[in-house]
Amino acid sequence: MMTLLTNTHGLMHALSGAALAVSDEAGHAAGHASGPVAQTFAAGPMFGLLVVALPLLACILCGLCAMGRVKTKLPAFLTVLCLAGSFLVTLALYLQHHGQPAGTAWIIQGFEWIRLDYRQMVDSVVQSRSFIANFGLYVDSLTCLWMLFVTGLATLIALYASEYMSHDVGQGYNRFFAAFSLFVFSMACLVMADNLVLLYLGWEGVGLCSYLLIGYFYKKPSAVAAAKKAFILNRIGDLGLALGIMLCYVHFGSVEYKVIFEKCAPYMASLAAGQLDQIPLIAQFIPLCLMIGAFGKSAQLPLYVWLPDAMEGPTPVSALIHAATMVTAGVFLIARTYPLFLMSEYALPIVAWVGALTALLAATIGMAQFDIKRIMAYSTVSQLGYMFAGLAVLTSVGGAAHVFTHAFFKAMLFLACGAVMHGFAGQLDLRKLSGVGSMPGWRVVGIAMLVGCLNLAGFPIITAGFWSKDMILGEAFANSQMQAIGWILLLTAGLTAYYTFRVYFRVFVGPKHYEPGDEHHGDDHGHDHGHGHADGHDEGHQTSGKHGFHPHAPGWAINTVLATLAVAAFVIVPLVALNHGGWVKDMVGASSAQFNEKAAYLIAAKGDLHTKFFGFDAHKAMMVVSSIVGLIGIAVAFVLHYQGRTTAATSKADALLPAFGPIAKWAQNKWYVDEFYNAIVRMPLLALAQIFHWFDKLVIDGLVDFFGWTPRGLGGSLRPAQSGEMHTYAVGMAGGLAVMAVVVIVVLM
């Protein structure tokens with residue numbers, strides 16, 4: 001603990017006082033810009049609004065299909081068409097923006113959305129103020145980068161889903177694509193917003209769509225529980241984001257990026273002078289609130305537990321929302337508001353440690369799971385931790401580059417797993433599948449899976465994943481105050497390579513064997529994966545199981561999308577490899593995230609940002625060291641899960657489990673984090689809720705009922721005295737006289 005605190009303290013000083021000596025060598029190695037690029041603002045082309053409008057149009061059209069009870073694939077084709085149009089508009093927007101001077105940000109005004117004019121007393125003077133949050137777009141190179149892969153991948157995954165969801169053609173099909181399109185609209189609002197309120201609209205929109213799509217199989221209890229879990233945990237993070245937005249308006253007097261970034265300039269000057277005490281406390285508190293929102297949406301400690309359960313949704317949802325786009329919203333938030341994060345000496349150190357520890361924890365869980373889709377889910381959590389750590393070690397280029405490359409290869413991995421699930425009746429247990437890649441009709445899936453695994457494992461030189469991950473590792477080791485984070489990330493890289501190829505060697509190569517999943521027995525699509533029945537088919541057998549099951553090979557749509565992504569995974573290599581950042585470096589360096597480089601250029605030197613790695617340049621050394629670590633991970637997976645394996649159910653790794661004692665079981669049970677949360681959070685809150693329920697029912701409602709009953713009871717007791725019957729009055733008078741007589745006698749005695 002003392003070591004952790006010491007490293008954290010050192011990291012705070014590094015981020016608040018570390019400088020980069022501007023040189024060609026450092027600029028090449030670390031991916032830093034040669035100097036700060038001043039942002040300028042101009043009006044953008046109105047056709048940019050189509051990027052947001054077309055997905056919304058697709059959602060409306062799918063809703064009309066639902067109203068008309070369409071039972072064809074029309075909603076899918078409408079969605080693909082509109083999303084492809086949105087991608088083309090984004091491409092045109094990028095091409096036009098690319099010709100502008102570096103650092104240009106376009107403001108595209110859509111319509112007046114929220115405007116509140118009021119007066120406020122300040123120092124005995126009445127001042128007019130306005131709260132403005134228009135529906136407008138903020139388009140800079142970072143916006144273009146994000147929207148190119150969001151709309152591009154959304155189009156491909158929608159085409160994939162047209163086949164994958166074909167079993168549900170009808171109202172469910174319409175509902176799926178309506179929510180799918182609404183998600184892309186919400187993501188476009190989040191990324192392209194020119195103010196924090198519109199960003200918050202998109203932020204909540206993607207959360208809503210995530211809830212709807214995780215719980216798509218609403219008759220399945222586990223899917224409903226996963227949807228609620230995701231929704232509630234995201235609300236915890238969203239509270240932090242909401243507070244951060246409120247504080248931004250209180251302090252800066254605006255929620256518009258243009259105004260906020262301009263008012264950050266004096267704080268950058270204070271940062272340059274090493275005078276953090278000149279930055280107001282409220283300004284330093286803003287990034288801490290925004291950070292909580294980012295942790296919730298991007299599944300970081302301690303709010304990561306919703307993402308693995310989100311795999312209950314259809315696989316296209318997992319690929320688009322929970323691998324490529326929505327979960328990177330937290331990374332985008334930090335990159336977009338990077339100037340705000342530099343105002344606090346605590347924000348980025350916390351981001352760095354949370355990201356690194358999340359990456360390691362998720363990797364240890366992923367390497368012990370058997371459901372291949374869940375393994376990819378934990379891999380996503382781990383890689384998101386990498387991205388956060390990348391931003392926090394002052395390499396926004398590396399963080400953004402890893403977002404970009406990860407979106408392609410992780411979507412491909414999920415879609416390949418989904419093809420297996422679709423063809424083998426929901427089976428995803430790696431102990432019940434083997435040799436899938438060499439089966440007739442499955443070669444495209446096998447090749448796509450191999451390409452995705454090579455990228456995720458960071459196979460040297462030829463994969464985009466290697467270059468983006470290397471930028472983060474190199475920058476971490478180049479700073480003497482961030483060595484601990486570098487070692488954590490390097491260890492995580494080795495574990496990642498192992499569990500990635502554990503899946504490939506167990507499922508896609510080796511002896512041919514398959515057992516169908518629960519769907520073969522009439523269960524809903526998406527049922528509990530990994531519990532197939534032992535009616536499988538082995539190579540050489542003449543039957544395909546007692547139920548006559550035959551795998552259903554993917555069709556043209558699924559194969560086309562997987563082949564496209566496999567090719568794209570190699571095409572994007574030069575975009576991140578050339579000049580150690582390439583095209584992505586140019587895109588990030590001319591955006592609001594370029595304040596990363598600006599801070600390193602400005603602030604006074606207090607730490608060594610050119611630390612040697614055992615006598616070698618850290619960036620160059622990491623290219624070799626990370627390659628060796630990744631290859632070792634692949635080799636270990638080869639020996640333990642492929643070499644000599646004769647069955648799908650067992651491997652050499654099984655014999656090693658006793659040597660790890662209870663650790664292996666703990667990892668398989670996800671370190672009992674869910675049980676821990678259940679014990680310290682859920683059950684106490686449930687007990688407290690029951691106490692309040694009974695207190696409300698017995699005390700609060702009891703008092704209300706008592707005061708309501710008292711007049712009625714009093715009136716009821718007096719009512720007989722006013723009955724109008726003479727003999728009743730006579731009896732009452734006689735009784736009264738008798739009582740008075742008794743009182744008199746008692747007194748006189």
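## Terms and model

Helices here are DSSP runs of class H or I with at least four residues, numbered from the N terminus. The structure described is a predicted model.

## The second largest pocket

Four helices, α21 (483-507), α26 (618-641), α27 (653-656) and α28 (662-668), each give at least two residues to the lining of the second largest pocket. The volume of this pocket is about 520 Å³. Its lining consists of 20 residues, and those closest to the centre are Met367, Tyr498, Leu657, Phe660 and Ala664.

Sorted by class, the lining of the second largest pocket contains 14 nonpolar residues, 3 polar residues and 3 charged residues.

## The largest pocket

The largest pocket has a volume of about 1,000 Å³. Its lining is made up of 31 residues, and Lys229, Leu233, Val305, Asp309 and Asp674 are the ones nearest its centre.

Helix α8 supplies the largest share of the lining of the largest pocket, with 8 residues. By class, the lining of the largest pocket holds 13 nonpolar, 7 polar and 11 charged residues.

In soluble globular proteins, nonpolar side chains tend to be buried together. In this model, the largest nonpolar core has 233 residues. Helix α18 (residues 396-423) provides the largest share of this core, 18 residues.

Trp146 and Met449 have the most contacts inside the core. Which residues does Met449 contact, leaving aside its neighbours within four places in sequence? With those neighbours set aside, Met449 is in contact with Met376, Leu413, Ala416, Cys417, Val503, Tyr504 and Phe508.

## A closer look at Ala283

Ala283 is part of helix α11, which covers residues 281-297. Is Ala283 buried or exposed? The relative accessible area of Ala283 is 0%. A residue counts as buried when this value is under 20%, so Ala283 is buried.

Ala283 and Cys248 are 35 residues apart in sequence, and their C-alpha atoms are 7.8 Å apart in space. Not counting residues up to four places away in sequence, Ala283 touches His251, Tyr267 and Met343.

Notes: Residues are numbered from 1 along each chain as its sequence is written. This is a predicted model: local features need pLDDT of at least 70, side-chain atom pairs count only at pLDDT 80 or more; totals for chains, interfaces and linings use all residues. Side-chain values use heavy atoms; hydrogens and water are left out. On a 1 Å grid over the protein atoms alone, a cavity is a set of points where a 1.4 Å probe fits but cannot get out, and a pocket is an open set with protein on both sides within 12 Å along at least five of seven lines; lining residues have an atom within 4 Å of a point. Grid points are joined across faces, edges and corners, and a volume is the space filled by probe spheres set on the points. Ala, Val, Leu, Ile, Met, Phe, Trp, Tyr, Cys and Pro count as nonpolar, Asp, Glu, Lys and Arg as charged, and the others, Gly among them, as polar. A nonpolar core is a set of buried Ala, Val, Leu, Ile, Met, Phe, Trp, Tyr and Cys residues joined through side-chain atoms within 4.5 Å. Buried means under 20% relative accessible area, exposed over 50%, partly exposed in between (1.4 Å probe, protein chains only). Contact means heavy atoms within 4.5 Å.
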